[in-house]
Amino acid sequence: TAKESNWGDWYRFQLIPENEDFLYTAPRRVNCSVVVSVSASDLWKNIINQNNWTKWFKGLNKCELVTPSPIELNSKRIIQVGILKFYEDIIILRHERAFGFTILEENIGLFSRAVETMYLEPIDNDSTRLIYRGGFEYRGIFNLFKNMIEKELENRWINSFEELASISKT
């Protein structure tokens, strides 16, 4: 059963926190990648700047760091995509190589466990492969919509990576 809590101005369901290993054992997984003509260093500046996420992540209405800046491992942030609201813990922060989080709480009971990551693989000084990996365990009725949700996630990350590249070009 879902643990319920009241945090801030909206209702949340608590998830089971996971680490990067969950990406390999999750009941449901989403993977996609794109190659962009931007250096990993230039991309990284916009990835770690939480205020910039709404500029490049498609559909993101809010990205707010709720622990003191700068961002570091175990920093917490609030994300809002449409009606979906998430409270996340940064679990992966490898300089110019990887960024990831586990969802701690969310507002509609979509997941019981979730980890999302992005990896940066430099190809040369001016090109980088951006890789998204997500691991999920859905809760209840949302299992019926998992294929649709995962296709939307894949499309959203690919489009967002392209936008990230666009705003990262110096």
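What does the accessible surface of the protein chain come to, and what percentage of it belongs to carbon and sulfur atoms? The accessible surface amounts to about 8500 Å², and 48% of it belongs to carbon and sulfur atoms. Accessible areas come from the Shrake-Rupley method with a 1.4 Å probe, and for residues only the protein chains shown count as cover.

The model is predicted: local features need pLDDT of at least 70, side-chain atom pairs count only at pLDDT 80 or more, and totals for chains, interfaces and linings use all residues. Residues are numbered from 1 along each chain as its sequence is written, and side-chain values use heavy atoms, with hydrogens and water left out.

## Overall architecture

The protein chain contains four helices and nine strands. Helices (H or I, at least four residues) and strands (E, at least two) are DSSP runs, numbered from the N terminus. Read from the N terminus, the order of elements is β-β-α-β-α-α-β-β-β-β-β-β-α. The radius of gyration of the protein chain is 15 Å, close to the 15 Å that the globule rule gives for 170 residues, so the chain is as compact as a globular protein of that length. This radius is taken over C-alpha atoms, and the globule rule is 2.2 Å times the number of residues to the power 0.38. The C-alpha trace spans about 50 × 35 × 25 Å along its principal axes.

Of the 170 residues, 49% count as buried. Here buried means under 20% relative accessible area, exposed over 50%, and partly exposed in between (1.4 Å probe, protein chains only). Among contacts with a separation of 6 or more, 56% are between residues 24 or more positions apart; a contact means heavy atoms within 4.5 Å.

## Nonpolar cores and surface patch

In soluble globular proteins, nonpolar side chains tend to be buried together. A nonpolar core is a set of buried Ala, Val, Leu, Ile, Met, Phe, Trp, Tyr and Cys residues joined through side-chain atoms within 4.5 Å. The largest such core has 38 residues, and I47, W53, F99, F111 and W157 have the most contacts inside it. Helix α4 (residues 146–168) gives the most to this core, with six residues. A second, separate core has eight residues, including F22, L23, A98 and V115.

Neighbours within four places in sequence aside, F99 is in contact with several residues, among them W44, I47, W53, I71, I92 and M118. The contacts of F99 also include Q50, R77, E116 and T117.

At the surface, I141, L144, F145 and M148 form a nonpolar patch with about 460 Å² of accessible area together. Patches are made of residues with over 30% relative accessible area and no salt bridge; like charges are joined within 9 Å, and nonpolar side chains (Val, Leu, Ile, Met, Phe, Trp, Tyr) within 5 Å. I141 lies in the loop between β9 (127–138) and α4 and is exposed, with a relative accessible area of 55%. By contrast, F13 in strand β2 (residues 10–14) counts as buried at 16% relative accessibility.

## Salt bridges

A salt bridge is a side-chain nitrogen of Lys or Arg within 4 Å of a carboxyl oxygen of Asp or Glu. By this rule there are eleven salt bridges.

| Pair | Closest N and O atoms |
|---|---|
| R113 and E18 | 3.0 Å |
| R94 and E20 | 3.0 Å |
| E137 and R113 | 2.9 Å |

R113 in strand β8 (residues 111–124) and E18 in the loop between β2 and α1 (22–25) are 95 residues apart, and the pair links distant parts of the chain. Both R113 and E18 are buried. R94 lies in strand β6 (residues 84–94) and E20 in the loop between β2 and α1, so this pair ties together parts that are 74 residues apart in sequence. R94 is partly exposed, with a relative accessible area of 38%.

E137 in strand β9 and R113 in strand β8 are 24 residues apart. E137 is partly exposed, with a relative accessible area of 24%. E18, R113 and E137 are linked in a network of salt bridges.

Most residues other than glycine have a negative phi. N74, a residue other than glycine, has a positive phi near 70°. N74 lies in the loop between β4 (60–65) and β5 (76–81) and is partly exposed, with a relative accessible area of 48%. E96 also has a positive phi, near 60°, and is found in the loop between β6 and β7 (98–106).
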